[in-house]
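Open the model in your viewer and keep the selection panel at hand. Each stop below says what to select and what is there.

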Amino acid sequence: IMDGIFEKRKCLVIYDKEMSGKTIGFYVEPEKLLSYHGGLYVIVYIRNLNKFRILAVHRIVDWKVYDEIFPDDHSFNEKEFMKNRFGLFEGKTEKIKLKFKKSIRHLIEHKTWHSTQIFLDDKNQNLTMEFESPISPELISWIMSWHKNVRVTKPNILKEEIINNLKLGASQYS
């Protein structure tokens, strides 16, 4: 993978399709390795789709680097690529507004959670975080990891997803 990235060489990847037990082969132009939550990923350009994608390295069954150098006719902008994601998940963005209790604000306000985040204070020193992100399993999991210390104020669809996940989780123990 590193040879493909550094030498700008076209590669053939054989990839394990999630939950199907089958593999698929396709050509890629590797751009960058990415470490995320203990996993290793590679951002690739798929020329016939004219799109950048993230591939999980642990799902790559085979990787062949060809001698062919890929043309430098597409520019990879990491900030732009990550803008419509929360973590690795891509999708239609929504305006997200979360209110964190003041007791944990020191854990939130000095980190970059999303490239579009802004923080606002209220009169009680609680912290409001606003950003634009897709509503994804990863976002929901991250919000739920703050338990009683966070409240979703926008959008309603995200509130409903959190409530449904809490109900489902509670039903596992009844």
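**Stop 1**

Select Tyr45 and Phe52: Tyr45 stands opposite Phe52, which is in β4. This is a predicted model, in which local features need pLDDT of at least 70, side-chain atom pairs count only at pLDDT 80 or more, and totals for chains, interfaces and linings use all residues. Residues are numbered from 1 along each chain as its sequence is written, and side-chain values use heavy atoms, with hydrogens and water left out. Strands (E, at least two residues) are DSSP runs, numbered from the N terminus.

Now show β3 and β4 together. They pair antiparallel over six bridges; pairing requires that DSSP finds at least two bridges between two strands. Four residues sit between the strands of this hairpin, where Asn50 takes a positive phi near 55°.

Move to the other partner, β2. Seven bridges join β2 to β3, again antiparallel. Select Lys32: Ile43 in β3 stands opposite. The hairpin of β2 and β3 has two residues between the strands, and His37 has a positive phi near 45°.

Next, colour β3 by accessibility. Seven of its eight residues are buried, so β3 is largely enclosed by the rest of the structure. Buried means under 20% relative accessible area (1.4 Å probe, protein chains only).

**Stop 2: Ile54**

Select Ile54, in strand β4 (residues 51–56). At 19% relative accessibility, Ile54 counts as buried. Contact means heavy atoms within 4.5 Å. Beyond four places in sequence, Ile54 is in contact with Tyr41, Val42, Ile43, Phe81, Arg85 and Leu88.

**Stop 3: two cores**

A nonpolar core is a set of buried Ala, Val, Leu, Ile, Met, Phe, Trp, Tyr and Cys residues joined through side-chain atoms within 4.5 Å. The largest has 21 residues; Val13, Phe26 and Trp63 are among those with the most contacts inside it. β1 (9–16), β2 (23–36), β3 (39–46), β4 and β5 (60–69) each supply at least two of its residues. β3 gives the largest share, six residues.

**Stop 4: Ser133**

Finish in strand β10 (residues 127–134), at Ser133. Is Ser133 buried or exposed? Ser133 is buried, at 0% relative accessible area. Among the residues Ser133 touches are Arg85, Phe86, His114 and Leu139.

Note on methods: Buried < 20%, exposed > 50% of the residue type's maximum accessible area, 1.4 Å probe, protein only.
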